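Please keep the picture open and find each element as it is named.

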Amino acid sequence: MSKRRVFTITLQFCICLIVGIIVAPRAVGASAVSLDTCRVWAMQHSRSLAIAKEMTRQSSNLRRAARGAYWPGVDFDGAFFYNQKPTRLIDVESLRNTVAGWGVPQELLSSLLPNDLLELDTHRVGVGAVTITQPIFMGGKIWAANEMARYAEMLAHSQYRQVGNDVITAVDEAYWLVVSLVHKARLAEDYVALVKSLYSDMNAMITEGVATQSEGLAVAVALNEAEVLHTKAENGLSMSRMLLARLCGLPLDTIFELQDESMSVVTPWELNTYHLQGVYARREEVRSLQSMAGMARAQQRIALSDMLPSVLLVGMYSMGVPNFYNGFQTHLEGMFSVGVMVRVPIFHWGVNYYRYKVAQSAVVIADMEIEMAKESIDLQVEQTRLGYEEAVRVYKLCEHNCRQAEANMHNARIAFNEGVFTYVQLLAAQTAWQQARSELIDARVTMAVTYDNYLRAVGVPLY
């Protein structure tokens, strides 16, 4: 073989290898991926969780901003103007005419009443003031504002955890859907193999003259139905894998094996007993409602403070040019001022009172919503517990039915080979086996899902 031929074959091999790497679906590692790993990936990728995290930072900054209202505020205000004309306090010409009527000579008037008499140089005017304001008593408004900010921060953190639970729920559903469809696809493939075997035997029997063409067509129809079922299962599996990959932040064409894809015998989990008060303390819905109730009480206090006096301590250093502290001077000069400001609301046609009543109603509504949420949680805990116990019973029954269906199909196969059973009876046995396996897969997935639902209902964190 020539060197050119060797080089051409090597180049073609490299090109095929590169194209295969680019076109082939991506794989994640060689080991199976667990449900916890999928949860971690989903938590890291979730945009909604990132938004909720940013909202917690926002609420923390708002709380820090509210805390600053306790301390004095320092402000500076200044202004500068350039004026075209000076300021004259009197009309010199009119005054001269009046005094001239008294018989005063004109030469004396010019010396007594010059043109710039009481003329102020206001071409350049500048003023400034540094003000320090310290709240003394605001009717509890500052304290209430800080309480509202604190509860708002608690609410943001609670909503962050609730969004995390929603993300975990979504990825759990996608995970178990993939597991279910993997088993369904394998089951459909096994069922196609069984029907194909029957179809091959039926063709041999037709050739030997012990079966009719109509019986062969009936088996062919059953084979087509099995292949259609297998195609649907494969398509559904591909779509569910894409959904799981998207939730985990992976490319849609990523292929990875899940740990629960193996059809192993599963031991049901034991349910722990939880006290309802502890469940209430762990549920994010109750925490959020309690934070909202705290915010409503703080708003009620703010509404009450509008009906109480306010006292402020004010200190100021003001300066200006020109200044009037010692005659009229054109240089910059200033002075200190210290005082107390008091504001007492007297009469506002009941506006503040009715605002207080509105805030009071909001507190009552928030407390009732908490009680309603607790009642719903009681029902949810009981429903999920009963649902899991029912799923365990169904799973055990499906295991028993699957073993019986396998034995029945084995016996039917032997009876068909010996000529005791017809193809219809064998198809019925195979269909019953396929149905029993499918129900076992559904029961296995349902048991896992209902167990996770129970843990969520009692407030156990899943991440």
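1. The crossing that helices α6 and α9 make is left-handed, and, as this is a predicted model, that description applies to the prediction. Helix α6 covers residues 141–208 and helix α9 covers residues 284–305, and their axes come within 8 Å and cross at roughly 165°. Angles over 145 degrees count as roughly antiparallel, and α6 and α9 are therefore roughly antiparallel to each other. Sorted by class, the residues in the contact of α6 with α9 are twelve nonpolar, nine polar and seven charged.

2. The next point concerns open space. Two packed helices are described by the angle and the distance between their axes, whereas rolling a probe the size of a water molecule over the atoms shows where empty space is left. In this model the largest pocket holds about 410 Å³ of space, and its lining is made up of 20 residues, with Asn165, Arg283, Glu284, Arg456 and Gly459 lying nearest its centre.

3. Which helices each supply at least two residues of the lining of the largest pocket? They are α6, α9, α10 (351–417) and α11, and of these α6 gives the most, with five residues. By class, that lining has eight charged, seven polar and five nonpolar residues.

4. Helix α11, which runs over residues 423–457, has 35 residues and reaches 50 Å from its first C-alpha to its last, a span close to the 51 Å expected at 1.5 Å a residue. The helix is followed by Gly459, whose phi is positive, near 85°, and Gly459 is also one of the residues nearest the centre of the largest pocket.

5. The second largest pocket has a volume of about 220 Å³ and is lined by 14 residues, of which Leu35, Asp36, Trp176, Asp260 and Trp269 lie nearest its centre. Two or more residues of this lining come from each of α2 (35–45) and α11, and α11 gives the most, with five residues. The lining divides into seven nonpolar, five charged and two polar residues.

6. The residues that line the largest cavity are Val178, Arg241, Leu244, Thr254, Ile255, Phe256 and Leu258, and by class they divide into five nonpolar, one polar and one charged.

Key:
Residues are numbered from 1 along each chain as its sequence is written. This is a predicted model: local features need pLDDT of at least 70, side-chain atom pairs count only at pLDDT 80 or more; totals for chains, interfaces and linings use all residues. Side-chain values use heavy atoms; hydrogens and water are left out. On a 1 Å grid over the protein atoms alone, a cavity is a set of points where a 1.4 Å probe fits but cannot get out, and a pocket is an open set with protein on both sides within 12 Å along at least five of seven lines; lining residues have an atom within 4 Å of a point. Ala, Val, Leu, Ile, Met, Phe, Trp, Tyr, Cys and Pro count as nonpolar, Asp, Glu, Lys and Arg as charged, and the others, Gly among them, as polar. Axes are lines fitted to C-alpha atoms, for helices over the stretch in contact, and angles run from 0 to 180 degrees between N-to-C directions. Helices (H or I, at least four residues) and strands (E, at least two) are DSSP runs, numbered from the N terminus. Angles under 35 degrees count as roughly parallel, over 145 as roughly antiparallel, 65 to 115 as roughly perpendicular and the rest as oblique. A crossing is left-handed if the near helix is turned anticlockwise from the far one by less than a right angle, and right-handed if clockwise. The expected span of a helix is 1.5 Å times one less than its number of residues. Grid points are joined across faces, edges and corners, and a volume is the space filled by probe spheres set on the points.
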